[in-house]
Amino acid sequence: MTWSVFFTDSLLCRCVGITVTLWWTLLIFIIVPAVLGVSFGIRSFYMRALLKIFKWATLRMEIGAKEKNEELYKPYSNGIIAKEPTVSLQQEMQALRGFASSEFELADILCFSRRGVESIVDDEVTKCFSAQELQSWNLLTRSNYNFRHISLRLTVVWGLGVLLRYGVMLPLRVALATTGIILLIVLSTLVGCLPEVQLRSKLSEEVHLMCYRIFVRALTAIITYHNQENKPRNGGICVANHTTPIDVIILANDGCYSLVGQVHGGLMGLLQKAMVKASSHIWFERSEAKDRHLVAKRLSDHVADKNKQPILIFPEGTCVNNTSVMMFKKGSFQVGCTVYPVAIKYDPHFGDAFWNSSKFGIVTYLLRMMSSWAIVCSVWYLPPMNREERESAAEFANRVKSAIASQGGLVDLVWDGGLKRAKVKEDFKKEQQKLYSEVLVGDQDMGDQYRKQLLEET
């Protein structure tokens, strides 16, 4: 009996020892290339393999559904309802009446009623804050409609995927992320103690790049950068569409930025304190963040120093589901420096990168990201843009937003991302009333002047 227990304990210890050795070997095999900025192409091979598996799974779903005489769920690709082509209010009124008139008609109510019902059933704002639906299944339970029950082989593949993602990849990714956080805090603190400014700045860039590359490995992020000759330079502001907090990691993996944000507590606060010692990030207290003049002054002082890194800002002010770009806040466009637009587009087939902060906390969200297959995205650096003469900050912001939406294949929306939690502003209601008064009075010039004034105020 004693010999049996001893043999079992010895075998168990040996297995644990081998597992720990393999684990640390794998960690080092991933971390060392990240530190050196080298890639062996393993992630690209992994992505191609996944695409073939997804294609096979889609085929099995179609065959299984056909055998059971069932219809597969298909998302609405063009919206829940069919809307007529966008026309002006005046044209819509004229088509409804059948004749042109500058007097009030009772039938005008139908036009506003139809627009209201369309907005309730299929409004543009709500769709921006819900997960993007897929045309095919990516073997994740969170994005399926009981597809895994269609066939036995599909169920087995799905089960093996669960074991791989949660049993192997998730612990490995958490270990990588923890390593990156510890290195960032320790090395940033040590670099911040150096008296020589140039040496400190150079080492800070190397430390940040190294740690962000480890974070990219922790997410199994596969990133394609386009037009790198347009990368942001010192003395400018980099603006990008915002889908997730990891947008920072995606961009910082290819270059260093000065971040702007509110002071936090806990682990995030510890990171902020360590980072600001080695680099010139801009952190605001909660009371300071509400002072627009103070924020603008600190931004202006930063970009005036050509030795400081470009500032990274997400003007939408909230995360959008990567199908659209919402209104850009005009604050960062009032500074009077060169703006470097960047478009980020994620591929939802490997994992939904959108952070729905109303539904998931940051920890839950990060765990969902680390238990996904991968984060696949493309980044486009657009040519730098400057504010033109007699162009307001709001007009400049809209011009940059349109360029980002066009490059990223995103829908360009005029709505404020603040509508995610706030009610519609009275100004938007007044604009609709003003447009209707134009139809009755026929004063188009007055309407154009009012819309321009509304844009300036926004």
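Student: What makes the crossing of α6 and α9 left-handed?

Tutor: A crossing is left-handed if the near helix is turned anticlockwise from the far one by less than a right angle, and right-handed if clockwise. α6 passes α9 in the left-handed way. The angle is about 35°, with the axes 7 Å apart. Axes here are lines fitted to C-alpha atoms over the stretch in contact, and angles run from 0 to 180 degrees between N-to-C directions. This is a predicted model: local features need pLDDT of at least 70, side-chain atom pairs count only at pLDDT 80 or more, and totals for chains, interfaces and linings use all residues. Residues are numbered from 1 along each chain as its sequence is written, and side-chain values use heavy atoms, without hydrogens and water.

Student: Which residues of α6 meet α9?

Tutor: Contact means heavy atoms within 4.5 Å. Among those in α6 are Ile181, Leu184 and Ile185; they meet a set in α9 that includes Leu267, Leu270 and Leu271. The contact of α6 with α9 has ten nonpolar, three polar and one charged residue.

Student: Why are Tyr365, Met369 and Met370 of α12 placed on the same side?

Tutor: These three are the buried residues of α12; buried means under 20% relative accessible area with a 1.4 Å probe, protein chains only. They cover an arc of only 135° around the axis, so they lie on the same side of α12. The arc is taken from the directions from the helix axis to the C-beta atoms.

Student: What makes β2 and β7 a pair?

Tutor: Two strands pair if DSSP finds at least two bridges between them. β2 and β7 have four, in the parallel sense. In one of them, Ile237 has Val339 as its partner.

Terms used: Helix = DSSP H or I, 4+ residues; strand = E, 2+ residues; numbered from the N terminus. Nonpolar A, V, L, I, M, F, W, Y, C, P; charged D, E, K, R; others polar. Buried < 20%, exposed > 50% of the residue type's maximum accessible area, 1.4 Å probe, protein only.
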